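Please consult the structure shown below while reading.

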Amino acid sequence: MALFPAFSDEVTNNAEDSRKELDWLNNKSFQTQDALSLHCRFLENVETQDASKSREVSSVEDVDEEENTGPHRKKRKKSEKKKKKKRKHKKRSGHTDSSGTDSEIIFPSDLKKEQDIDRPESAALASTFSWLDDLTSSQKERFCVDRKPDAANWTYKSLYRGDVARYRRKGTSLYGLDPLRQGVTWDDSDSNKKQKAKDRRKRGNGCGEERYFSTTSRQMLKVESPILLLPTTATQNDVSRSQPFLAFCDEGKTKDALKYDRPQTSSLNALGVYDPSTALWMQGKGKSEEMDQKQDTQTTENLSLVTKKTEEFNKRIREQPEDTDLWIQFIHYQDELNTAVFGGEQDNQGSDRTDRSKSSYRAVLEKKLSIADRAVAANHSSISLQLERLKICQELWESSAVAKEWKKLVFIHPNSAPLWKEYLLFMESYFSNFSVSKVNSAYGKCLSTLSAVRDGSMVSHPALPGVEEDMLDIFVQQCHFLRQAGHSEKATSLFQAMLEFTFLKPESLQKQSTKQKVEFFETFWDSGEARVGEPGAKGWKTWMLQQERGGWLQPCAEEEDDEDEEEEEVKDRIQPRWRVWLDVESSREATHWLPWRPDKTKGQSEEDCEDPDRQVLFDDIGQSMIVLSSPQLQLRFLLHFLSFLGLPTNNTTSSHSGILLENISLLTQNDSLTRPLTFPELFYSGMNSVGQMTTLQETPKCIGLGKQGDKFLNNVFSIIQPLLPAHCRAILSLCRIQYEKLKVLQSVRSGNQKRIHSQGKKSKRTAKRLLKEPENRSSLELWREYAHLEWLLGNTEEARKVFGTAAALSGTKDLTSQSLCNLMLLWAQLEMENTADVGGRLKDVTTSPAVCILTQHAEGTSVSSFQPLSPVSILKARKSYDQVLNRTLSLLDQVSLTQDDKGRDSEQVQSYRGLVGCYALFQYLTVGIKAATDVYLQARERMRELQQRLTFEKLPGEISCTNGEAGCSQTSQGFVSNLSFECEALAIQQTALLKYHNNVSVFPLAELRQMLTATLPAWPGCATLWNIYIQVENRFHSAGRARRFFHSVMRNTSNVLPSLFAIVAEQQRKETVDVALRSCCQGTAMPTLPENGLSHRIRGLFENATKTKMGAHCPLLWRMYMYFLVSDGKADQAKGIFYKALQNVPWSKGLYMDAVQLFPEHLQEFVDLMTEKELRVRLPLEELDILLED
């Protein structure tokens, strides 16, 4: 068959040979009849189109005639639309109006188009969208082919139109252009052109042009017309004229350097705000070779330094793989390495900076982890490397995986107390698996394991030095954990059990192991016998002896007639539900902190207890029993117990670890204003005592432990104090009388005269009872505290008599007596506060009561009356003070750390405080503030030199001491700690004296500020010095100096106290600014204060503090953060901070109570959360509803 079948008839039959040769041109799949039928069909379609066209013309004429007769505009518009549509269709089809003839060339594609035109229904279905229910054709036609291209589908990876970003231009200006010199002309879009054309047609139809008084014209008159200037390219000589100021530079700079330092102005950089590289990029040019070479050189130098340092680390690690400190430094160096290598790249990342930084940070963590694995493999027994590795794992792994790794680590190293402390802290802050019972059992397992290591029953691991001290710290931490979680009964029972286990242990069990002692102690605990602190308690030792002899009959105790009637818990039922819950919860916490015991005289049993959680079983405390063999540790344990009860103690251990800080009074007390010299005598520790469970802004309603707590304390003292040595009994008596003085001071602060009189009467009775005891009659420390108590109550004459009597009791004691110097120093300070003496400016110093006291103290005579002194006596007193101080300070170089009498060494160190204070105060009153400062500097410098020498010379040599010589190390360490404590006390005295002198006279603050900035970095945990510092700095409007100092201290210490005081300082400054803003607008209302940036700064301080290790586990910090956000009007963010705080301090019940006060609508949610985590809830909500109904 021919290639063109339509014309195959014209071929002759004589060409068969040629056809055979051209068979490759034949198309055998096409039939001639098909081609003819298509051609005939095309001719028929052309004829029909001509006929329809003639009909349309005739119909249009008819329509025109009808329109002339009647207003049929709609039909006319429809016909016009149809005509336009026809014309477009004809143009699109590609045919002319002439009728088809045989001479025209017909293509098969044209015929195919005609066939598609004959199927209008299928074409409509293929180009439009419709519902499936409306279709009547076959299933293959139920599809839509959308041939319109849409680039947004590929760009945004979505077919949904809502995912496509749409932008609208606001205005006709651009950022960075000068409106007076430059402008941009925008081309209008099609829609804007149509709208403007429509407006012009309207105005042409009768609206007319806008007049001068129209809104648009008035706005145009108000706008200043831009001054259009031709852009000029600035030359080198015109650079100075284009700048608004003269650019000064160093003489050593070359012209090439100036070319890159000074901004060049041009048509593309008219303002000169772009750097040279950006300006070149806008011009379409690349960087110059000099700039590239300079940047490449700098990058190469940085990389070479980094590479050199890395090679040095690798070399040292290969040579010293056992150096753990070097491994830790190499791990920390990875952060510096990442900043040096990728810092510049991250700055230019644009929108991907966050993702890139996260990925790079994770890469650095993985690199650190690999280094830590190598370090641990080379040093299996290094605890510090294990802790560093786990610190990295906590940021990479899931919490469950980290918990398994912790358990594995403490199983491998069960004798490491620091590792146990970190593990317990992780268990406390592991919120997803946290519960009070689990953490309490972890504490018990830790103490029982360390006790087995100490006893030697765990043969696989030897006991490390100082294990008893670490066990005591862990035990005290467990007690405070239970107290903060609301389980005060269990915490008190732990201390009761330890008192029995330590001081009242039977002598027959001295050589037994700790586990065996605990088994014997369980029988006593479950016997129902009275325990320490309870009425009729005789102790474990006495009970064991009586059991061996056959036991005794329990005598019937006489019922007390003065029992207090139970007060109604809900006093005001009108208050909101959450307020009633907080009040009842706080009152029950203050009343029921002692464990409940059945009263056998009343026939009570364990079933009679209304609240089963008030009963403490032996399983809750049995594993936590430890043995304290050292007398110093036993005394330290007693001081911890008294501090737990709220008694002030002079314990040298730091109480500002962050975890125990809960009381905001540590940061806000202002006693230095009323007692500028004696306010450090009683300073809050920041730790709540047992029974004090309130919100952050509330204060406890009762003073001290209450009537029940005082009875408990008296019973403890009566049974424990006779078992102690003489100096320990004196310390306990001193703590007790200071506790009475603290209660008097709290009453004075309240301002309630009735309360002051009642509390003063009780405290004086207790103090006199202590002084009547034979061993306390000659104790100058107790007489000193009693005289101060009388002075606080306002009994000035009575206090002076007590001071005089105490001074007479000292007999022939000279200036080397510690107690006498402290007594005279306090008396002189109180007299100075009373008369406001100004040092060095008195007209006659011989009439000053303070000078008279200090002079007669130097002479060794008793102070009978304040008679005028002679100048000779003052000179003799100064000479005596100078000689004694020089002799005493010279003895510091001869102190031997090998002495067994540690108490004598400590007394000598402590005596310097009183002596230096008396001499400095005497010099201040007789000479001036400069002489007093010199005395303090002399003493502090000598003590600091001795402390540094002992720390860096003698202590490293004591590592070779055997376990039998451990007392040598403990004695030296105690001596060094006492030296540091005394230096801190002298710094507080000097600062208080400078502050006092600044208050009573004109004195520059430069010396006081210099004193504070020199001492605070050395003792960043001293709240007294920080309190004075913020009082001094907040008097000025410029806060830059204080902020820089706070930042420098916080950067170099891990203590959380500087961060807390920095936040308090900024909050006080914000309050001052807000008050000033309100005072400026007294007549007008201010719904919101203008933002001054202090809120953002305070929030930044909170965020930075919570990122540290100690700050993250500080309940006081999180509670302050919540209150600040609520006061700033950000309640939603404060709620988010609450849930974030739960991830770090989930054991703090005070945090939940603050949340109830700040978000009362979520009371049910918070109580359920406390119940889930097993925190102590003393008032369930069901019981609250019953109380409110009654």
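Over which ring does the charged end of Lys-505 sit? The charged end of Lys-505 sits over the ring of Phe-501, at 5.7 Å from its centre; the criterion is NZ of Lys or CZ of Arg within 6 Å of the ring centre and within 35 degrees of the ring normal.

## Basis of the model

The model is predicted, so local features need pLDDT of at least 70 and side-chain atom pairs count only at pLDDT 80 or more, whereas totals for chains, interfaces and linings use all residues. Residues are numbered from 1 along each chain as its sequence is written, and side-chain values use heavy atoms, with hydrogens and water left out.

## Aromatic cluster and charges

Phe-501 belongs to one aromatic cluster with Phe-521, Phe-524, Trp-525, Trp-540, Trp-543 and Phe-618. Over the face of Trp-525 lies Arg-531, 3.5 Å from the ring centre.

The whole structure contains 36 aromatic pairs (rings of Phe, Tyr and Trp, the latter by its six-membered ring, with centres within 6.5 Å; planes under 30 degrees apart are stacked, over 60 edge-to-face, the rest tilted). Among them, Trp-1026 and Phe-1046 are stacked, with 5.1 Å between centres and 15 degrees between planes. Trp-1026 lies in helix H39 (residues 1023-1033) and Phe-1046 in helix H40 (residues 1040-1051), so the pair ties together parts 20 residues apart in sequence. Helices are DSSP runs of H or I, at least four residues, numbered from the N terminus.

Both Trp-1026 and Phe-1046 are buried, meaning under 20% relative accessible area with a 1.4 Å probe and protein chains only. The rings of Tyr-1029 and Phe-1045 have centres 5.0 Å apart and planes at 45 degrees, so this pair is tilted. Tyr-1029 in helix H39 and Phe-1045 in helix H40 are 16 residues apart. Tyr-1029 is buried at 1% relative accessibility, and Phe-1045 is buried at 11%.

How values were computed. Helix = DSSP H or I, 4+ residues; strand = E, 2+ residues; numbered from the N terminus. Buried < 20%, exposed > 50% of the residue type's maximum accessible area, 1.4 Å probe, protein only.
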